[in-house]
Structures are given as structure tokens and as C-alpha cells.
Amino acid sequence: MKPLNSPVEVGLRVLMLLKEAFPQRLDLNQLVLLDHSLLHSADLGGPESLHPAVPIRAGELGIKREAIEAGLEVMVRAQLAHAGVGDGGIEFWAGESADGFTALLVTDYAHDLHTRASWVVNHFGDLDQGALRTALSSVAMHWSEEFAHTADEELN
């Protein structure tokens, strides 16, 4: 079993986002972008990132959707999150037990996760997908420049 990005770990991250955004309902695309922002918050002017600043992190967005779907499935089955059809398609929101469950998590990682989820929702929770993508695209341009700079250094 892989401990990082397992359905349980991704589900916990998404649950923290849903709990912070409650009563707002979020669709899968919003959750993908918000989760990426949560993991790489320092790139967006926020607290220290949970994951390391590797040059290829922009590529994570391409594989994140499937991981988030698996994580959401775990949280919905545990009745910590709910899914339903809204104006924009399938939407997700925190269940009644989400606060109590997340309050039981007392590790440093859980605290850091809560801090970043709160920051992300406060800064980006009201943005529509287009605005959130715009915010992330400027960071992605920086990442690609950073990657090219790192590759040049390795060649020299």
C-alpha cells in the first residue's frame, strides 16, 4: 500500500477542503484545483507547502482527478462527505460527521492539513474554475521556467 496519495490520504485532504468550504458544494474540477493549491500553497503566496517543490509538480494536475475520485469515494462511503446533482453537475459537500471526525486527528500533519485547507478555501473558495485556473496558470509558468533553469544547470 502506498501511504502518499492513497485514497484514504487524498480523501482526508478533500474532506478538509469540503469541511472548510461548508456549506458550499464543490465539483470535482474545483476539488482538483483546490487540492493542488493545498499541497503547493507556498507557490501561491500561502503557508509552507505540504509537498516538496519539485520542478514537475505542474504535471500532477493531470493525474490528480482519478486520485480525488477514489478519495471522495472513501469519504462518501464513510458518510463523512455527500454527493448530489447540482446546477453544475455532480457536487460534493461535507457531511454532519466531518467536523467530529477531523477533530479527532491530532497529528502534526493533520494540523498542517487543516491550516492549508483553511487558507486555500479563504483565498480561492469563492473563485470559479476559470479564475482559479488563471491563478494557477501564472504559477505553472513559473514552474516551467524553474524546470528549464534546473535542466540547464544539470547540463552545465
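Biologist: In which element of this predicted model is Gly84 found?

Modeller: Not counting residues up to four places away in sequence, Gly84 touches Gly89, Ile90, Glu91 and Trp93. The residue itself is found in strand β2.

Biologist: Is Gly84 buried or exposed?

Modeller: The cut-off for a buried residue is a relative accessible area under 20%. Gly84 has a relative accessible area of 17%, so it counts as buried.

Biologist: How far apart in space are Gly84 and Asp27, C-alpha to C-alpha?

Modeller: Gly84 belongs to strand β2. Along the sequence, Gly84 and Asp27 are 57 residues apart. In space, their C-alpha atoms are separated by 9.7 Å.

Biologist: Among contacts between residues at least 6 apart in sequence, what share joins residues at least 24 apart?

Modeller: The chain has 156 residues, of which 39% count as buried. Among the contacts between residues at least 6 apart in sequence, the share that joins residues at least 24 apart is 70%.

Biologist: Are α1 and α2 roughly parallel or roughly perpendicular to each other?

Modeller: Helix α1, residues 7–21, packs with α2 at an angle of about 105°, and their axes are 10 Å apart. Angles of 65 to 115 degrees count as roughly perpendicular. The two helices, α1 and α2, are therefore roughly perpendicular to each other.

Biologist: How many nonpolar residues does the contact of α1 with α2 have?

Modeller: Helix α1 contributes Arg13, Val14, Leu17 and Leu18, while α2 contributes Leu31, Leu34, Asp35, Leu38 and Leu39. By class, this contact of α1 with α2 has 2 charged residues and no polar ones; the number of nonpolar residues is 7.

Biologist: Which residues does a cis peptide bond join?

Modeller: Pro23 is found in the loop between α1 and β1, the latter comprising residues 26–27. Omega is about 15° at the cis peptide bond, which joins Phe22 and Pro23.

Biologist: Which residues is Ala94 in contact with, leaving aside its neighbours within four places in sequence?

Modeller: Ala94 lies in strand β3, residues 89–94, and counts as buried at 6% relative accessibility. Its C-alpha atom is 6.3 Å from that of His82, which is 12 residues away along the chain. With neighbours within four places set aside, Ala94 is in contact with Leu18, Lys19, Phe22, Leu80, Ala81 and His82.

Biologist: What is the phi of Gln79?

Modeller: Gln79 is found in the loop between α3 and β2, and at 55% relative accessibility it counts as exposed. Gln79 is not a glycine, yet its phi is positive, at about 60°.

Biologist: What is the relative accessible area of Ser41?

Modeller: The place of Ser41 is in the loop between α2 and α3. Leaving aside neighbours within four places in sequence, Ser41 is in contact with Gly46, Pro47, Glu48, Ser49, Arg116 and Trp119. Ser41 is buried, and its relative accessible area is 0%.

Biologist: How far does the backbone nitrogen of Ala42 lie from a polar atom of the side chain of Ser49?

Modeller: Ser49 is found in the loop between α2 and α3 and counts as buried at 18% relative accessibility. Beyond its neighbours within four places in sequence, Ser49 is in contact with Leu39, His40, Ser41, Ala42 and Asp43. From a polar atom of the Ser49 side chain to the backbone nitrogen of Ala42, the distance is 3.0 Å.

Technical notes
Residues numbered from 1 in each chain as written. Predicted model: local features only at pLDDT ≥ 70, side-chain atom pairs only at ≥ 80, totals over all residues. Heavy atoms only, no water. Helix = DSSP H or I, 4+ residues; strand = E, 2+ residues; numbered from the N terminus. Buried < 20%, exposed > 50% of the residue type's maximum accessible area, 1.4 Å probe, protein only. Polar contact = N/O pair within 3.5 Å; in protein donor to acceptor, adjacent residues only side chain to side chain. Contact = heavy atoms within 4.5 Å. Axes fitted to C-alpha atoms, helices over the stretch in contact; angles between N-to-C directions. Parallel < 35°, antiparallel > 145°, perpendicular 65-115°, else oblique. Nonpolar A, V, L, I, M, F, W, Y, C, P; charged D, E, K, R; others polar.
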